[in-house]
Amino acid sequence: MCRLAAITSNEYFSPMENILALETMKEGHDGSGLGLTLKDLGGEFEEFKEFPIMSGICSRKGLDTLDDFMKKHGFRLKHEWNPKIKHVKGVVSREYYFARAYDYPKSYKEKSMREKEDLLMNTRLMLRKIGEPDESIFVFSFYPDVITLKEVGDPLQLGEFFGLDRDGLRAKIIFAQGRQNTNYAIYLYACHPFFIQGFCSMTNGENTAFVPIREFLMGRGFPGYTGYNSDSEVFTHILHYTVRQLGFPLTYYKDVITPLKTTEIDQREDRDALRLVKQSLRPLCIDGPNMVIGFTPDGTCFMVQDAKKLRPGAVGGVKGKYALMSEECGVDKAVPKRDRTRDIFPMKYDMVTISPQAEEVRVWNQLRA
Amino acid sequence: MEPATRLDHNHQLSLREFPYIIRWRDDRCKRCGKCTAVCPVKAIEPTVNVQRTVHSEGPLPQPTAVRKVIQVVEQVTDMERYCTGCGTCTLVCPNEAIEPEYNPQNKFYHYKNKSGEPYKRGGRRNDPSISTLDKLKFTRISMLTDPALDAGRHEFRVRTLLGRILPPEELPLKMVNGKLVVDKESGRFIPPVREIFPIMVGSMSVGALSPPMWEGLAMGVAYLNEVEGLPVVMCSGEGGMPPRLLRSKYLKYFIIQIASGYFGWDEIIHALPHMVEDPAAIEIKYGQGAKPGDGGLLMAQKVLRLIANIRGVPQFVDLSSPPTHQTKYSIEEAVAKMIQSMSMAWGFRVPVYPKISGTKTARAVLNNLARNPFAAALSIDGEDGGTGAAYNVSLDKMGHPIASNIRDCYLDLVKQGKQNELPLIAAGGVGKKGNLAANAAALIMLGASAVSIGKYIMQAAADCFGDEYNRCNLCNTGKCPRGITTQDPKLYRRLDADRVAERVVETFKAADVEMRKIFAPMGRSTELPIGMSDGLSIEDKAMAERLEINYAC
Ligand code: SF4
Ligand code: SF4
């Protein structure tokens with residue numbers, strides 16, 4: 001089972017904090033990979049908040065392809081960060097790791113954010129398509145103020161490998177996943193967290209309802225619903241679909257993935273709408289075992305469980321810094337000075353949300369909503 | 001001189017040509033006559049034989065021949081009175097002296113066409129081999145990486161939806177204070193949707209079924225809903241419904257069928273203003289898996305007073321429903337209109353869907369329905385579906401197996417992203433070998449939203465003798481030895497409606513548990529795993545490829 005470590009804060013912090021938290025949960029992951037997503041960036045990217053950042057890995061040949069492609073599509077490179085690689089035993093280095101801030105093509109400067117988002121996503125997908133057959137290009141995210149790093153290996157060693165302990169890379173929201181390889185061959189696109197147009201999530205456990213969910217998402221006619229090298233990628237896409245595409249408030253994500261019983265719906269104030277939502281989104285119901293941690297474009301972080309609460313999850317912290325972890329020990333590592341009695345272990349009906357800047361934590365109960 | 005044909009019995013059939021041969025034991029028979037009295041086809045008769053025995057008494061052989069007249073039970077060699085193998089004789093025999101035995105060498109079909117009249121019968125396709133449904137296995141078992149669920153402890157929702165479901169993008173919702181509410185001003189039609197148990201009782205008409213059989217089913221279904229909380233629905237079949245039921249609160253558990261003969265609809269329309277509940281749905285029958293492209297037939301001998309009244313016809317006339325709805329020539333227009341007018345009759349509060357027989361062209365129908373916002377579902381009845389009366393050739397040779405038909409349709413919907421909008425109902429051979437829940441679950445994982453059963457429930461609830469060795473299958477003749485498909489009070493008084501109801505309840509409760517037992521180890525409990533094809537596999541490469549599922553051996 002994968003281990004998950006998310007931290008949200010009102011101050012910039014290093015991803016090493018997440019990695020160290022993962023280290024305390026080491027028994028649960030086999031060190032087969034690490035995924036990191038950083039949002040609301042500090043350090044050298046702080047001044048590039050408006051500009052979309054492309055994160056990925058490529059070979060030398062892939063780099064040429066990428067440069068040509070971006071130039072051809074009118075993107076202008078503004079800033080580039082490369083990890084200060086330190087070769088460590090057990091990590092096979094690829095040729096070129098990067099996070100690059102670009103300026104939008106001229107024709108897009110005045111366009112709405114929604115249109116820009118579509119452009120960014122389609123660009124990412126095109127690059128994925130070009131680079132996937134020979135693994136010359138991997139692009140994990142292309143979005144303003146977000147960086148994603150993924151590699152195969154032990155998280156702590158990877159932290160060292162990427163030089164994260166020495167680097168000034170900082171962010172206010174960082175998600176990290178220590179991978180436990182189960183069903184799939186170790187493949188970078190199968191590594192959490194998954195990201196699409198400002199929405200991100202990571203999950204532990206397998207997804208028994210994967211196939212019907214994937215088929216439903218792929219039938220939505222949205223180009224971004226593709227990939228699915230991991231059965232957990234659908235959780236991110238359901239989030240994106242519910243909130244961005246359908247325009248539902250975030251709490252309905254819980255209602256979509258773990259719909260209430262008919263008799264329970266009858267008690268809700270929004271029952272008429274909810275009934276329709278449940279019917280129309282029936283194939284998106286998950287059956288666990290899963291705990292999902294995610295964030296939305298505004299910087300809200302959340303944690304939800306499947307309807308049987310088959311996976312652990314804990315949220316704890318202080319105003320200004322909260323940790324959302326798959327294990328309590330991870331919370332202890334990330335925010336040791338806190339009132340532990342106030343830690344939250346969301347149950348089957350709960351959705352824990354933490355507002356942007358780690359301002360306040362709320363438990364939304366699906367039954368009493 | 002006598003012609004040789006008479007002398008050597010030529011042109012007479014030998015018992016070897018018959019599908020069932022009666023084994024009668026002289027030593028056990030006490031000549032009570034029960035078997036010959038009960039035989040529905042008079043295949044056996046009491047008769048006398050002359051027996052010649054040679055006796056010798058005393059120390060020296062002095063043989064004398066003694067002629068005795070003895071009574072025996074004999075099977076006749078008249079094709080019109082062939083033994084159907086039903087076994088009713090065995091059932092009534094107090095001494096286990098008589099039993100039919102299947103004769104695999106029979107040439108029954110060669111001869112069963114007297115007067116140029118092809119063989120007609122009831123039942124389903126006479127193919128006892130293992131069906132595709134029974135070859136499907138559930139091979140995605142949750143083990144350690146994802147815990148299996150506990151069928152006894154976790155909460156399971158084995159429910160499905162019947163009715164047209166709006167795509168999420170078209171839901172008329174708006175936000176008020178951070179909550180979703182239905183936007184009443186949008187004017188968007190929200191189709192009616194029912195939450196039901198995914199196994200339903202398929203269309204079997206009052207008329208085809210005897211009063212206790214139909215009542216038993218109906219009582220069982222009502223009990224399941226009212227007492228057991230299992231929302232099982234049942235389809236009326238063509239021919240209307242008992243008038244009292246139409247006006248009762250139980251109507252909501254019934255799907256009313258309209259077929260090409262429109263039998264019973266006069267009564268239904270007249271009952272409309274008095275209905276206190278809406279029916280569960282309306283099924284428009286265009287075809288039946290047992291006899292694709294063929295109409296219905298209720299033989300004159302079954303049209304007794306009650307049936308004549310419900311159907312609005314005179315007594316004792318053959319009631320045939322044409323193979324097609326005579327007024328329907330195009331799916332885009334006439335069928336759409338029929339769906340619309342039926343919807344309109346109930347103020348658009350009742351789902352209306354067509355039922356077709358399994359066919360290679362099912363996808364064309366499906367795609368038309370997918371474009372019709374009033375079509376509530378599509379029911380497809382595969383070649384193994386049963387019937388009360390059809391030509392043997394239609395039963396045995398016509399139609400399409402349900403597994404690949406449903407799969408094709410489902411995958412077609414997936415391509416359009418409409419798999420959740422138009423539920424598919426699968427029927428035809430579900431539970432043929434007794435594996436009701438497993439067959440139902442397999443069809444659901446192939447893409448069906450619900451399944452429908454007919455023959456299975458007759459067998460499970462009323463001990464129907466019929467099987468795929470052409471046993472019994474007298475349903476069309478009005479002589480059903482179990483009292484299931486007859487209007488003859490002498491026969492149907494054998495059947496106790498309460499017992500049928502009890503068995504219906506037991507059967508559905510058991511199926512519910514078995515479905516959980518299938519879904520639990522696969523880690524599914526909250527929603528029905530419709531289209532969860534990764535859970536299935538089959539030990540046949542070609543089939544696996546065709547159904548787009550795993551091959552496992
Ligand atoms: S098995 Fe049925 S049809 Fe055959 S002799 Fe016995 S009662 Fe008659
Ligand atoms: S028992 Fe009745 S219903 Fe069953 S096959 Fe025989 S005639 Fe048909």
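Predicted model: local features only at pLDDT ≥ 70, side-chain atom pairs only at ≥ 80, totals over all residues.

Q: How much area do chain B and chain A bury between them?
A: The size of an interface is often given as the accessible area lost when the parts come together. Here chain B and chain A bury about 3,700 Å², and 56% of that is on carbon and sulfur atoms. Counted by residues, 45 of chain B are in contact with 42 of chain A.

Q: How many salt bridges does the rule find across the interface of chain B and chain A?
A: A salt bridge is called when a side-chain nitrogen of Lys or Arg lies within 4 Å of a carboxyl oxygen of Asp or Glu. By that rule there are five between chain B and chain A. One of them pairs B:Arg140 with A:Glu206, at 3.6 Å from N to O.

Q: Which elements of chain B give two or more residues to the side that touches chain A?
A: They are β7 (160-162), β8 (173-176), β9 (179-182) and α13 (402-416) of chain B. β9(B) gives the most, with four residues. By class, this side of chain B has 20 nonpolar, 15 polar and ten charged residues.

Q: What surrounds ligand 1, and what classes of residue make up its shell?
A: The shell of ligand 1 has 13 residues, the closest being B:Cys39, B:Cys83, B:Cys86, B:Gly87 and B:Cys89. Nine are nonpolar, four are polar and none is charged.

Q: Which residues surround ligand 2?
A: Among them are B:Cys464, B:Cys472, B:Cys475 and B:Cys480, together with B:Lys455 and B:Arg482. The shell around ligand 2 divides into seven nonpolar, three polar and two charged residues.

Q: How many aromatic pairs does a search of the whole structure find?
A: Over all chains the search finds 36. One example is A:Tyr97 with A:Phe161, an edge-to-face pair with 5.7 Å centre to centre and 80 degrees between the planes. A:Tyr97 lies in strand β5 (residues 96-103) and A:Phe161 in helix α4 (residues 155-161) of chain A, so the pair ties together parts 64 residues apart in sequence.

Q: Where does a cis peptide bond occur, and which residue has a positive phi although it is not a glycine?
A: The cis bond joins A:His192 and A:Pro193, with omega about -10 degrees. A:Pro193 lies in the loop between β8 (171-178) and β9 (194-196) of chain A. The positive phi, about 55 degrees, belongs to A:Glu135, which sits in the loop between α3 (113-131) and β6 (137-144) of chain A.

Notes:
Residues numbered from 1 in each chain as written. Chains lettered and ligands numbered in written order. Heavy atoms only, no water. Contact = heavy atoms within 4.5 Å. Buried area = accessible area lost by both parts, 1.4 Å probe. Nonpolar A, V, L, I, M, F, W, Y, C, P; charged D, E, K, R; others polar. Near = heavy atom within 4 Å. Phe/Tyr/Trp six-rings, centres within 6.5 Å; stacked < 30°, edge-to-face > 60°.
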